[in-house]
Amino acid sequence: MRAPTPFDLTGKRVWVAGHRGMVGSALARRLPAEGCELLTVDRDRLDLRDQRAVDGWIRDARPDAIVVAAGTVGGIEANRTRPAEFLYDNIAIASNIIRSAAETGVGKLMYLGSSCIYPRLADQPVAEDSLLTGPFEATNEWYAVAKVAGVKLCQAYRQQYGHDFIAVVPTNLYGPGDSFDLASSHVISALMRKIHTARAEGGSVEVWGTGKPRREFMYVDDAADALVFLMKTYSKPEIINIAGGEDISIAGLAALIADVVGFDGPFHFDDTKPDGMPRKSLDGSRLAELGWNPRTPLREGLVRTYRWWQNLDEEVGAGVDPEGR
Ligand code: GDP
């Protein structure tokens, strides 16, 4: 049985910070079903790293609730090569929004953490209480430090002032709205693009690393549904994972995407590129106990993502940019 609803979204003004991103755009698709009013602002009108501008915007827009889905994000190579942006931008975004939300009395705030906040060698699947029990994976420690700061800000404002701010930790996400820019994308969109190109032009597909790391993936519309569920029902200082799927090796993932795209050519594993975490999957049992489970099998999610990227799914495609800008 599902928990009762302590925070009813009906009629509320909900600001999704980061509504052009993959998660934010999925939330923008999902939230109208709750009967709430969606507030958004484009990045050319509001720089979330500018504290004064963020404060002014929140005071003018008067949201009842905020989801912090904004951030400077990217895959393993972007994390490694742009450490200052990943650290500074994400700390600034978290601290600006959370502080102004507290000072203006926003009733509910949900901050999105990331699976990379957990230690590199945490027991798998990773449970919430593994946080800060060991060193981060080096390839994403800048992003991880910033995301842990955001989580801790929610906990600190709850502890000191009693604000209903929660922090959630989605597993690796993919789907419509994902960035397909090879320099900054995560593995699913990168391999989909490379495999699609190889099918058209011939040749082999380069897969970074050994192909042995394992990752769990969740379709972004499932994650958006979990975010709405937690927004309505969850109010605790402890972080909670958004997970519940099986993991797959990168080599297995490449084969599955090739099947979806219709490519039967060879793969080349480039082990000069980093593997990153040997395994990354999250323990979703706390969320399952609350009554939520993911719905979309990986293959089906990959088919939908591919259709979206090919601009075949116009309904989902509206408002998001396949290059992730
Ligand atoms: P991570 O989960 O934080 O490590 O981020 P990624 O999604 O970028 O990478 C996941 C795994 O996929 C890593 O082991 C990468 O080396 C591997 N991988 C294989 N090919 C690619 C690729 O073309 N792009 C990216 N981003 N990762 C790749």
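**Close-up views of a predicted model**

**View 1. A residue pair across strands β1 and β2.** V14 faces L38, a residue of β2. The model shown here is predicted. Strand β1 covers residues 13–17 and is joined to β2 by 3 bridges. The two strands run parallel. In general, strands of a sheet pair through backbone hydrogen bonds, in either a parallel or an antiparallel way.

**View 2. The open sheet.** The sheet is built from 6 strands. Their order is β2-β1-β3-β4-β5-β9, and the pairing is parallel. At the edges stand β2 (37–39) and β9 (240–242). Each edge strand pairs on one side only. From one strand to the next, the twist averages 25°.

**View 3. Helix α2 on the sheet.** Residues 51–61 form helix α2. The helix lies across three strands: β1, β2 and β3 (65–68). Relative to β1, α2 runs at about 155°.

View 4. R62 sits in the loop between α2 and β3. The phi angle of R62 is positive, at about 50°. R62 is not a glycine.

**View 5. The shell around the ligand.** The ligand is surrounded by 17 residues. The closest are I76, K194, R215, P274 and D275. By class, the shell holds 9 nonpolar, 4 polar and 4 charged residues. Helix α6 gives the most to this shell, with 4 residues.

View 6. For D275, a polar backbone atom is 2.6 Å from a ligand oxygen. For K194, an N or O atom of the side chain is 2.7 Å from a ligand oxygen. For K280, the distance from a side-chain N or O atom to a ligand oxygen is 3.1 Å. On its own, the ligand has 530 Å² of accessible area, and the protein covers 96% of it. Two elements give two or more residues to the shell: α6 (187–201) and β7 (205–208).

**View 7. A cis peptide bond at P125.** The bond from Q124 to P125 is cis. Its omega is near -15°. P125 is part of the loop that runs between β4 (108–112) and α5 (141–161).

How values were computed. Residues are numbered from 1 along each chain as its sequence is written. This is a predicted model: local features need pLDDT of at least 70, side-chain atom pairs count only at pLDDT 80 or more; totals for chains, interfaces and linings use all residues. Side-chain values use heavy atoms; hydrogens and water are left out. Two strands pair if DSSP finds at least two bridges between them. Axes are lines fitted to C-alpha atoms, for helices over the stretch in contact, and angles run from 0 to 180 degrees between N-to-C directions. Contact means heavy atoms within 4.5 Å. A residue is near a molecule or strand if one of its heavy atoms lies within 4 Å of it. A polar contact is a pair of N or O atoms within 3.5 Å; within protein, one must be able to donate a hydrogen and the other to accept it, and residues adjacent in sequence count only if both atoms are side-chain atoms. Accessible areas come from the Shrake-Rupley method with a 1.4 Å probe; for residues, only the protein chains shown count as cover. Ala, Val, Leu, Ile, Met, Phe, Trp, Tyr, Cys and Pro count as nonpolar, Asp, Glu, Lys and Arg as charged, and the others, Gly among them, as polar.
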